[in-house]
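Opened the notebook for a slow look at this one.

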Amino acid sequence: MKKTSAPTPFWRKLLELSVAVPTRQNIVELAPLVIRLIVGYGFMVHGFAKLFRGPESFAVVLHAIGTPTPYLMSVITIIIEIFGGLAILLGAFVTLASIPMIIVLLVATFTVHLQYGFSSIKILAVTPSGAQFGQPGYETDLLYMAGLVALVIGGPGRFAVDTLLRNKLRSTSN
């Protein structure tokens, strides 16, 4: 009579999958790319939204929260969001680009979002036309900052302009 082994328990299969996937080098190398694509794209979308509405529209918001020289600051913010977002998306000058981007996030957090609490989603009511949302909290600001800090600490990854430039500099110095 042939002895059959017991089937592998489901929890064991899940554990093996969760441990095996992150250790594979080709998968791990994609993590900074995913962060860069999300953070870079997010910043660019916000910057283009402000640009297409007109810097003067965003300057009205900045004036309302007491920002000095609101029009100038709206233009600077738009530039930081669009070009900083592009730099992050490409993985170019990540550390340098992250500094003004984090400053923009900190200003947004402390002047606008902090008073609305942590959550970025506040459902006020559900009507026949859909959900009605309140002002977002600072959750999204923190997530963007965490993504930028992770890229600065861990590097932009293999598929980044910074990595290509670093490799080029190393090969020419040898």
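My entries follow, from the whole chain down to single residues.

**Ground rules.** I am working from a predicted model, where local features need pLDDT of at least 70, side-chain atom pairs count only at pLDDT 80 or more, and totals for chains, interfaces and linings use all residues. Residues are numbered from 1 along each chain as its sequence is written, and side-chain values use heavy atoms, with hydrogens and water left out.

**Confidence.** I checked pLDDT (the predictor's confidence in each residue, from 0 to 100) before anything else. The chain averages 90, and 88% of the residues score at least 70. Helix α1 (residues 10-23) has the lowest confidence, with a mean of 65, while α5 has the highest, at 98.

**Overall build.** I found 8 helices and 2 strands. These are DSSP runs numbered from the N terminus: H or I with at least four residues for helices, E with at least two for strands. Reading from the N terminus, the order is α-α-α-α-α-α-β-β-α-α.

I looked up burial next, where buried means under 20% relative accessible area, exposed over 50%, and partly exposed in between (1.4 Å probe, protein chains only). Of the 174 residues, 29% count as buried. Then I looked at contacts, meaning heavy atoms within 4.5 Å. Taking those between residues at least 6 apart in sequence, 60% join residues at least 24 apart.

**The core.** Which residues touch the most other members of the largest nonpolar core? I got V39, F43, I88, M101, L105 and L148, out of 15 residues in that core. A nonpolar core here is a set of buried Ala, Val, Leu, Ile, Met, Phe, Trp, Tyr and Cys residues joined through side-chain atoms within 4.5 Å. The elements giving two or more residues to this core are α3 (31-53), α5 (70-90), α6 and α7 (139-154). The top contributor is α6, with 6 residues.

**T109.** Buried or exposed, I wondered about T109 in helix α6 (residues 94-113)? T109 is buried, because its relative accessibility is 4%. Leaving out residues up to four places away in sequence, T109 touches L114, Y138, D141 and M145.

**Helix α7.** I listed the buried residues of α7: D141, Y144, M145, G147, L148 and L151. They sit on the same side of α7, because they cover an arc of only 155 degrees around the axis (the arc is that of the directions from the helix axis to the C-beta atoms). These buried residues pack against α3, α5 and α6. On the other side of α7, I noted L143, I153 and G154 as exposed. Just after α7, G155 has a positive phi of about 90 degrees.

**K122.** Where is K122? I found K122 in the loop between α6 and β1 (123-127). K122 counts as partly exposed because its relative accessibility is 25%. The C-alpha atoms of K122 and G134 are 5.1 Å apart, although these residues are 12 residues apart along the chain. Not counting residues up to four places away in sequence, K122 touches Y116, G117, Q132, F133, G134, Q135 and G137.
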